Amino acid sequence: MAPLPWDVTSGPEPAVSGFGMLVFMDFEASSLAKRGFPIEVAWVFEDGRSESYLIRPAPGWCDWDVAAERIHGIPRFTLERDGTAHDVVANRLVEALEGHDLLASAPSWDGKWLSALLRAAGLPRHLLRLRNTKAARREAVRDLLTGAVPPDDLDAEIEDVILQAGVPDRLGVPAHRALPDAEEERHRWVAVRDEASRRRAAIV
């Protein structure tokens, strides 16, 4: 089989452990209406490796919101000209991400675009699932501080670490492009993890 035409790839394939890796994902969409469709997807592994694709619309994907275009800045003709076929993107996504822990800042919306992409490619819509990056940030802190902080103080300490890391969703306006927004979510997770590590070192 000929190599697939991946648009943007950084680094070699990630090593898959028994629990996989954290992966920060983001989609851009044609509109937020019921018949909106994904136009761009990117993901960033916890170690920083990333991929990003413009998605050529599948047959029947017609709903286009000019207000949304003003936000993400991707004209439809750019997707037609430069995008990768939707089924190629979907299969690459499954190949790269199955078995990993997939995260998104808005998992209900990003999950909608993920399901639409998988369905259009003839794949099961629940083959991959997303959960909230906020949960992963709290888990990172909890894992590092459990045993170092009294159990009764742990929840308050988690919130304080997140606050001190500067991550209460105040790090600026999203870029509304898939790769920068996914990289920002990873940055938030790294900031929280590093602050928790400093806090643990100070305690123990």
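This is a short walk through one protein model, from the overall layout to a few single residues.

Keep in mind that the model is predicted. Let's start with the whole chain. The protein has 7 helices and 7 strands. Read from the N terminus, the elements go β-β-β-β-α-α-β-α-β-α-β-α-α-α. So much for the order.

Next, the cover. The protein has 204 residues, and 47% of them count as buried. It exposes about 10,400 Å². Carbon and sulfur atoms supply 54% of that area. Now the contacts. Take those with a separation of 6 or more: 71% of them come from residues 24 or more positions apart.

On to the strands. Look at strand 3, residues 38–45. How many of its residues are buried? The count is 8 of 8, so to speak: strand 3 is mostly covered. What does strand 3 pair with? On one hand, strand 2, residues 22–29, joined to strand 3 by 7 bridges. These two run antiparallel. On the other hand, strand 4, residues 50–56, with 5 bridges to strand 3. That pair runs antiparallel as well.

Find V44 in strand 3. F24 stands opposite V44. V44 also stands opposite S50 in strand 4. Now follow the chain out of strand 3. Strand 3 and strand 4 form a hairpin, with 4 residues between them. G48 sits in that turn, and its phi is positive, about 100°.

Now the rings. The structure holds 5 aromatic pairs. Take F37 and W61. Their ring centres are 5.2 Å apart. Their planes are at 20°, so the pair counts as stacked. Where do the two residues sit? F37 is in the loop between strand 2 and strand 3. W61 is in the loop between strand 4 and helix 1, residues 66–72.

A second pair is W43 and Y53. This one is tilted: 5.6 Å centre to centre, with 40° between the planes. W43 belongs to strand 3 and Y53 to strand 4, 10 residues apart. W43 is buried, and Y53 is too. One more point on rings. Ring pairs link F37, W61 and W64 into a cluster.

Let's move to the helices. Helix 6 covers residues 154–164. Which of its residues are buried? They are L154, E157, I158, V161 and I162. Why do they share a side of helix 6? They cover an arc of only 135° around the axis, and that puts them on the same side. The background is simple. An α-helix has 3.6 residues a turn, so residues three or four places apart point the same way. What do these buried residues pack against? Helix 5, residues 133–145, and helix 7. After helix 6 comes G166, with a positive phi near 75°.

Last stop, E195. E195 lies in helix 7, residues 178–203. Is E195 buried or exposed? Its relative accessibility is 13%, and the cut-off for buried is under 20%, so E195 counts as buried. What is E195 in contact with, leaving aside its neighbours within four places in sequence? The partners are V161, Q164 and A165. V161 is also one of the buried residues of helix 6. That brings us back to the packing of helix 6 against helix 7.

Note on methods. Residues are numbered from 1 along each chain as its sequence is written. This is a predicted model: local features need pLDDT of at least 70, side-chain atom pairs count only at pLDDT 80 or more; totals for chains, interfaces and linings use all residues. Side-chain values use heavy atoms; hydrogens and water are left out. Buried means under 20% relative accessible area, exposed over 50%, partly exposed in between (1.4 Å probe, protein chains only). Contact means heavy atoms within 4.5 Å. Two strands pair if DSSP finds at least two bridges between them. The arc is that of the directions from the helix axis to the C-beta atoms. Accessible areas come from the Shrake-Rupley method with a 1.4 Å probe; for residues, only the protein chains shown count as cover. Rings of Phe, Tyr and Trp (its six-membered ring) pair if their centres lie within 6.5 Å; planes under 30 degrees apart count as stacked, over 60 as edge-to-face and the rest as tilted.
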